[in-house]
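User: I should like to learn how to read the features of a protein model, one at a time. Could you guide me through this one?

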Amino acid sequence: MLALTVAAGLAVSSLAGSPASYAAAPHGAPGIGDPYFPLDGNGGIDVQSYDIHDRYRFASGRLSGWTALRLTATEALSGFDLDFLLPVSRVEVDGHRAPFDQTHHELSIDAPLADGESARVVVRYAGAPGHYSYAGESNWLADRHEVVAMNQPHMAPWWFPANDHPLDRSTVRMSITVPKQKQVVGNGRQVGRTVRRGLATTTWEAGEPMVPYLAFFAAGSYEIARGHAGGRPWYVAVSKGLGTTSRQVAMGLMKQTPTLLHWLEGVIGDYPFAEAGGLTTALPVGFALENQTRPTYPFMGDSPGAVRTVAHELAHQWFGDSVAVRGWTDIWLNEGWATYFENFYTETHGGPTTDELMRDEYGDIPAGDAFWNHEVADPCPDHEDCVGPIFASFVYDRGGMALAALRNRIGDQHFSELIHQWVTDHQGGNGDTTEFETLAESVSGADLTGFFDAWLHSDSKPADTAANGLG
Ligand SMILES: [Zn+2]
């Protein structure tokens, strides 16, 4: 459905040397190579930073602005793609206008770059994000009062052009302009707010690079609380779109964030980021998301499940955010760990152990149930319409069960060493299932081939044996 926009077609000979010298160089591939989402990310580029300048209009749902990217070519290129859905009006590369083309999710830019050459790319755009979809996702969450850019595995292409894959982590600075009566919350810390003619521009910046889908902003009217704990600032927000009582309940939950982080640090190791927090939106989101440093939640009431959900999203700060998947095939490494820590929260707060919870679920679900009929480490084997399969309940629950069973199999001490070593070895990077299995064997000294085959690489229920952490 995308409008196809073509630039004025300027011949820009001053871009970088003689165009002839790049005649043989290819255009970067339209995808980074993810088996589930072939157009996610792009070939030939590595983005170091995003400087986002967006204005959002609540009444029309339109977003306009520009983003400056600092990127480096990882091979000689005649041009490269970025992932973006909104109509683009202009692209500049190192201050010179560059021809471009748009086909749905791919913004294709003609700009010769030598291998290793760094460039500043500025993209200008305007459109209504709510009109666009990609990979079956229509990700714009907004009403006339509040907007929250949050989703997984894709979000950036609805509000800034990106190399949208967990393999490319970059610093993010965002300046979001909305009516001055509204507040804006993003990742990291607020570093500026300027008001001009009824509009306020609020700038947020995070201390550490992040994967594009973990960048988020929310704009609306919020009750804010902040403080300092564990040597870092925390900042939580609750939408005033909630009624007074609900707002108090949500704020009480958000304020548990520092305590829960302290608990998790005792189990996992040092929190990987300079800031912490959370946000509860009044929008009917239907899911919570681990946006880096500031997970976002729907209103969850004060059920026991609400605090478990906060524990889940905070565990993702290590498992998913600091250590990102290498490909979306590895999603169980995010969701299995987050589910395990939900259950470990229950274990350490007066409830049943992860082992008891795992055995209950194992006993309750018969071998013929569809729950067992997929491989945890390859939840979308036909590589089509993978957004649903990667978030299927078996990825979460069998992933969490596999970890509880692994704890049984290798013992608490080795399991604890495995947790520390995994988040240390891969901090600020990526990890995959094979690397995890190798580390588990190295830490425990056990041959776990059969164990991982049964729990992660099989489409049937693991046998009830001691070798599988059962029995
Ligand atoms: Zn999760």
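Analyst: Let us begin with a loop. Pro 153 lies in the loop between β10 (147–148) and β11. Please keep in mind throughout that this is a predicted model.

User: What is the peptide bond from Gln 152 to Pro 153, cis or trans?

Analyst: The general idea comes first: most peptide bonds are trans, and most residues other than glycine have a negative phi. Here, the bond from Gln 152 to Pro 153 is cis, and its omega is near 5 degrees.

User: Which residues other than glycine have a positive phi, and where are they?

Analyst: One of them is His 104, with a phi of about 50 degrees. His 104 sits in the loop between β6 (100–103) and β7 (106–113). Another is His 383, whose phi is near 60 degrees. His 383 belongs to the loop between α5 (354–364) and α6 (387–390).

User: How should I read a helix, taking α2 as the case?

Analyst: One may begin with the span. Helix α2 covers residues 257–268, which is 12 residues. At 1.5 Å a residue, the helix should span 16 Å, and its end C-alpha atoms are 16 Å apart, so the two values agree. After α2 comes Gly 269, with a positive phi near 130 degrees.

User: In a helix, which residues point the same way?

Analyst: An α-helix has 3.6 residues a turn, so residues three or four places apart point the same way.

User: How many residues of α2 are buried?

Analyst: Nine of its 12 residues are buried, so α2 is largely enclosed by the rest of the structure. Among the buried residues are Leu 260, Leu 261, Trp 263, Leu 264 and Glu 265.

User: Why do His 316 and Glu 335 count as buried?

Analyst: A residue counts as buried if its relative accessible area is under 20%. His 316 has 0%, so it is buried. Glu 335 has 2% and therefore counts as buried.

User: Where is the disulfide, and what is its handedness?

Analyst: The structure holds one disulfide. The sulfur atoms of Cys 380 and Cys 386 are 2.1 Å apart and form this bond. The torsion about the S-S bond is about -80 degrees, so the disulfide is left-handed. Both Cys 380 and Cys 386 are buried.

User: What is in contact with Val 178?

Analyst: Val 178 is in strand β11 (residues 171–179). At 1% relative accessibility, Val 178 counts as buried. Leaving aside neighbours within four places in sequence, its contacts include Tyr 56, Phe 58, Leu 199 and Ala 219. Val 178 and Arg 55 are 123 residues apart in sequence, with their C-alpha atoms 6.1 Å apart. Ser 108 and Val 387 are 279 residues apart in sequence, with their C-alpha atoms 24 Å apart.

User: What is the radius of gyration of the protein, and what would a compact globule have?

Analyst: For 471 residues, a compact globule would have a radius of gyration near 23 Å; the protein has 23 Å, which agrees. The protein has nine helices and 21 strands, and buried residues make up 56% of its 471 residues. Among contacts between residues at least 6 apart in sequence, 69% join residues at least 24 apart.

Conventions
Residues numbered from 1 in each chain as written. Predicted model: local features only at pLDDT ≥ 70, side-chain atom pairs only at ≥ 80, totals over all residues. Heavy atoms only, no water. Buried < 20%, exposed > 50% of the residue type's maximum accessible area, 1.4 Å probe, protein only. Helix = DSSP H or I, 4+ residues; strand = E, 2+ residues; numbered from the N terminus. Expected span 1.5 Å × (residues − 1). Disulfide = S-S within 2.5 Å. Rg over C-alpha atoms; globule rule 2.2 N^0.38 Å. Contact = heavy atoms within 4.5 Å.
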